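Biologist: I have a two-chain model open and would like to learn how to read it. Could you take me through it feature by feature?

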Amino acid sequence: MNQSPRDFPAASKAALADESLKTALGRLKTHFGANRALAIERFGGDWEALREQGRATRDFALTHLDTLLEQFERAVTARGGHVHWARDAKEAREVVLGILKDAGAKTVTKGKSMVSEEIALNPFLEANGMIPVETDLGEYIIQLRKEPPSHIIAPAFHLHKEQVAQTFRAAHTTLDAARNLDERQALVSEARQLLRAQFEAADAGITGANFLTAEEGAAIIVTNEGNGDLTRLLPKTHIVLTGIEKVCADLNDAAVLLRLLTRSATGQDISSYVSVMLGPSDGDGPKNFHVVLVDNGRSRLIGGEAEEVLRCIRCSACLNHCPIYGAVGGHAYGATYPGPIGAALNPGMLGVANAAHLANASTFCGRCAEVCPVKIPLPAIMRHWRAREHASGLAPKSFVAGLGLWAFFAKRPALYRTATGIAARVLKVIGRKGHIAALPLPRGWFAVRDLPAPQGRTFHEMWKAR
Amino acid sequence: MMSAREDILNAIRAQRVRSTERPKSYIPPAPAADPVAAFAEHATAVNADVRILNDAGEIPAAVADLLRGKNIPAEIHIALDAPTMDVGPLALKRTPPGPDDAALTTAPFGIAETGTLAYPASAQNPASWHFRPGFEIVVLKASDIVANMETVIARVKAKGLPHTLNFVTGPSRTGDIEQTLELGAHGPKALAILIVRE
């Protein structure tokens, strides 16, 4: 498993050779991609107008982030909830642990939260004597397998059902070893039965939030399984763990973003459950309500060239339509957020030295920006990180040398024309059969494809001759 | 030392370089068809069993029929503080339902745009009851079906916000194994909606 974005080249090579992963990745197009296209076709309004509304709604939030967060805090506090702030991952882990200790909690059920992955909360809680139990089916499976998620909304995307069955047999040793786990429904039922007992027994529940609303002080989660709600409603203490950028002005703005989110993510008009969580309850529901607002590199992006990446509503459409993610999957990225959004977000959060290399994992085909429901210019942001990587002298030596060589010729037009003229003619001779199968330098490039042989003259020469 | 709160807010204020206007809201046009028909069509598309009744007197027979159809014992859970409903010969339970039990709830709102039920939590309508049972049977008055989520938000806010506002569309589902839809992940395995016309 890739542990760092810097290992992307080796990890992606290994991923390309993984046949089982290839089968899983085939479902990006046939399931996520196809369902999104159908949902947009079905949509009763103007999808482009909705995207523009989503973009403007998120931009308004990002340009008023301080006042909206303060308003959110006042609204939560007014209804008896508590708001906590954490500058970085370490502080966020400690804040969560502190709340759990104050609540006298030991067993903790968890709804799906990418921020929890980002701050590596589970190992920290375990080291401090707590028992965190992931309850989203995909998260539960990968928790048992001790793997990170490979997709933002489908954490166990890379696995097939036989692997899940094997994982359940290894983990659920109290159940009959001879039971039939051939069908997906049997796996779902087994998780339902075992996790229900965990929900009933848990001292506290931790969920993420898809949106926060400033005016009402609401945290909203969007789920299909219902695990997030059982995580919130059955234990005595509920903690919402989320990023500071998730806030928007009010519930109406959240309703707009919701229409974009579920259609872009799974191709649903709406998810099975949208839960607006506003505070503690004096009856059915949690007695204590806490919201932990995590910065962890987000505020640094405000006002910079990558600011628009904070518009992201984590739908995964960019992953589902990316030729690179589609070939190597999520684990190769070595960071919590994979795919185009990861390539645009991780360098900002983890630093250029640690993650800017991921911005090279793109063909700049632009599909990610086309499908983004909030119009994040993902290729432009990746280009920005590539430039920063180059300027910091962090780009690979062969890449810098090649670019330098090209720049030397490109700055000298006469020399450039002579050199390309010679190259075109030499390549024509090498590629007598019409294509070139190998050249000494870019060996990796030729390993999987041929180059059509030039026809003997350069573009400049042909243009002049017209 | 500054608090985390001050540090984060100050960083945001120091770095911000622009301001943008609050956009005017774009809401898709309400379905042209009758809202009850639109609601039923959307809810059915996401695996809800929708039945339209002429009056509340038909509820007990409809509930009994739904339970028989699923081979569930003839007993139904209704929240302790909810107004009791006539359930005919069915055994009435007032305890929270387990993961294989059937529960009867009332939805204050339906949303035509997506076939969604909306529940502000209250003692009469406890939030966890939409997630605990194996089979949730919901009574919804046809006149409580509104165009969109924004209408529900406005009406709920006018009455005062609850601790939780749940929007429920179809039964619980997951696509987490091989991206293939399976119903009944953690919440109800099945959802039936009795729309009462009167």
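Modeller: Gladly! Keep in mind that this is a predicted model. Let's begin where the chains meet: 71 residues of chain A are in contact with 59 residues of chain B.

Biologist: Which element gives the largest share of the side of chain A that touches chain B?

Modeller: That is helix α3 (residues 47-63) of chain A, which supplies 8 residues. By residue type, the side of chain A that touches chain B divides into 33 nonpolar, 23 polar and 15 charged.

Biologist: How should I read strands that pair between the chains?

Modeller: The general idea is that strands of a sheet pair through backbone hydrogen bonds, either parallel or antiparallel. Here, strand β9 (residues 273-277) of chain A and strand β9 (residues 164-168) of chain B run antiparallel and are joined by 5 bridges. To find the place on screen, look for V274(A), which stands opposite F167(B) in β9(B).

Biologist: Now a sheet within chain A: in what order do its 6 strands stand?

Modeller: The order is β1-β10-β7-β4-β2-β3, in an open sheet with parallel pairing. β1 (82-86) and β3 (131-134) of chain A each have a single partner strand, so one side of each is left without a neighbour in the sheet. On average, neighbouring strands of this sheet are turned by 20 degrees against each other, direction ignored.

Biologist: Could you show me one pair from that sheet?

Modeller: Take strand β4 (residues 204-207) and strand β7 (residues 237-243) of chain A, which pair in the parallel sense over 4 bridges. In this pair, G205(A) stands opposite H238(A) in β7(A).

Biologist: And how do I describe helices that pack together?

Modeller: Two packed helices are described by the angle between their axes and the distance between the axes. For helix α8 (residues 137-145) and helix α9 (residues 161-171) of chain A, the axes come within 10 Å and cross at roughly 60 degrees. The crossing of α8(A) and α9(A) is left-handed.

Biologist: Which residues of α8(A) and α9(A) meet?

Modeller: I141(A), L144(A) and R145(A) in α8(A) meet V164(A), T167(A) and A171(A) in α9(A). The residues of this contact divide into 4 nonpolar, 1 polar and 1 charged.

Biologist: What about chain B as a whole?

Modeller: Chain B has 4 helices and 12 strands, and its C-alpha atoms fill a box of roughly 70 × 45 × 40 Å along the principal axes. Of its 198 residues, 45% count as buried. Among contacts in chain B with a separation of 6 or more, 71% are between residues 24 or more positions apart.

Key:
Residues numbered from 1 in each chain as written. Chains lettered and ligands numbered in written order. Predicted model: local features only at pLDDT ≥ 70, side-chain atom pairs only at ≥ 80, totals over all residues. Pairing = 2+ DSSP bridges. Helix = DSSP H or I, 4+ residues; strand = E, 2+ residues; numbered from the N terminus. Axes fitted to C-alpha atoms, helices over the stretch in contact; angles between N-to-C directions. Left-handed = near helix turned anticlockwise from the far one by under 90°. Contact = placed C-beta atoms within 7 Å. Nonpolar A, V, L, I, M, F, W, Y, C, P; charged D, E, K, R; others polar. Buried ≥ 20, exposed ≤ 12 C-beta atoms within 10 Å, placed from the backbone.
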